[in-house]
Amino acid sequence: LIALLVLPLVVVSLYALSSIERYFVAAAQEELHSHAITVAGLVRASLSAKSARAEDFASDGFVRTELAGLQNNTTMPPEAFAALPLTQHLQRNKLPLDPDLLDIHVVNRAGVVVADSDLDEIGEQQPGEELKSRGIQGTYVVSRILSDSGDGVQPHLGVATPINDLLSRQALGTLVNLYNYNFVADALNTVKQHTHGEATDPQRTVDLYGWIYDEAGELIATNDPARVHRLAAPAATHPLIQRCRNRDEGGVTAIEKSDGTPIWAASACVPADQSRRWTVLLHQSAATALGPLHNLQLSLVVLTLLVILLGWFMARGVARSLAIPIEGLQKSARIIGEGNLDHRVGTLVRDEIGDLGRAIDAMTQNLQRITASRDELELEMRARHEAERALTHSERQYRGLFNQAPVAIAVLDRNG
């Protein structure tokens, strides 16, 4: 009985645990991928916003007017350019325009930097530089450009857009903005911590460490500045970075770190400029992600054990409730079988066993009644037999006397 109760429960519990694990893994990996897509969306929005700000600033009337007067001034010394109102205008508007903006250049049609917010390239002729040559044709973005920002040569985002004459619509020059990658790190920090379930439960908070790489596998930004966490595979050969490099979409995969620790990796691709794509890469420990599932599985195991224990006690109680009355019936049947028809089961239980006990009592009573009638009949037959024997004996004596009498004996009836 216990096996019949426990075996189905164990089978159902194992199936439930397996189904829950498959669902939870799929849901957790999908959630991780959605975080990567969220970061990619934030980065794309920031890139679009920075291009739009560059275009807005390039359409500024003061910038157009000043640049129109500097088309032929290509031999002025740098200090003369620095003293011009256009350079001062760039310096005043650099930070209000965008906190991530590092430097603003204004280049005339001849390729001369006629205004520079940092004064480090002013007066230089750089007509062949990609940003300046392509930016005069239309807004152009270079996702990784090396420049000296005061802390050595560092990679930056470059956005170039043409400065057009308002009337002729001819390009007067190019506005070049250089941005740091703080906006990329900010996007990664939005998903550094997320929760499984209620955000108020600190035990469900999971750290997500992420990186953004360019096509060459060069790191652009990370939300782990201390570099405590590392990629599970080299950036140049990481399968998810390869997918973005091959113009595929991002995805989710399970990989192992160098120490054998299983992790989940999710990626999303960001079109950083006209020809380059960035890869948003998030890593999450599988053990950490499955922590709530393991807690749930433990709760289910404990609950199953409690149900099994409760079922065992219930089965034992049912068995005892059946065994004790049956043992009483066996004892009563043995006593009655030995000939004691005065014995009664005497059960008051209102179930099938009680009905059987009362039927045995009724049967015993009927047997007792039948046995009593049989004894009375035997006594009557014995008395009749004794009377018949006495009568026969008396008749024999009387016939002997009659036959052996010395005198004549006649027997007459009432009529003579």
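**Close-up views of a predicted model**

**View 1. Strands E10 and E11 pair in the antiparallel sense.** The model is predicted. Five bridges link strand E10 (residues 252–256) to E11. Within this pairing, alanine 254 lies opposite tryptophan 264 of E11.

**View 2. Strand E11 also pairs with strand E12, again in the antiparallel sense.** The pairing of E11 with E12 (residues 277–285) runs over nine bridges. Alanine 268 is set opposite valine 280 of E12. A hairpin of five residues connects E11 to E12. Of the ten residues of E11 (residues 262–271), eight are buried, so the strand is largely enclosed by the rest of the structure.

**View 3. The largest nonpolar core contains 53 residues.** Val43, Val106, Ile212 and Trp278 are the members that touch the most others. The most residues come from helix H1 (residues 2–58), which contributes eleven. Leaving aside residues up to four places away in sequence, valine 43 touches Phe183, Val184, Ala187, Ile212, Val270 and Trp278.

View 4. The mean pLDDT is 77, and 80% of the residues reach 70 or more.

Note on methods
Residues numbered from 1 in each chain as written. Predicted model: local features only at pLDDT ≥ 70, side-chain atom pairs only at ≥ 80, totals over all residues. Heavy atoms only, no water. pLDDT = per-residue confidence, 0-100. Buried < 20%, exposed > 50% of the residue type's maximum accessible area, 1.4 Å probe, protein only. Helix = DSSP H or I, 4+ residues; strand = E, 2+ residues; numbered from the N terminus. Pairing = 2+ DSSP bridges. Core = buried A, V, L, I, M, F, W, Y, C linked by side-chain atoms within 4.5 Å. Contact = heavy atoms within 4.5 Å.
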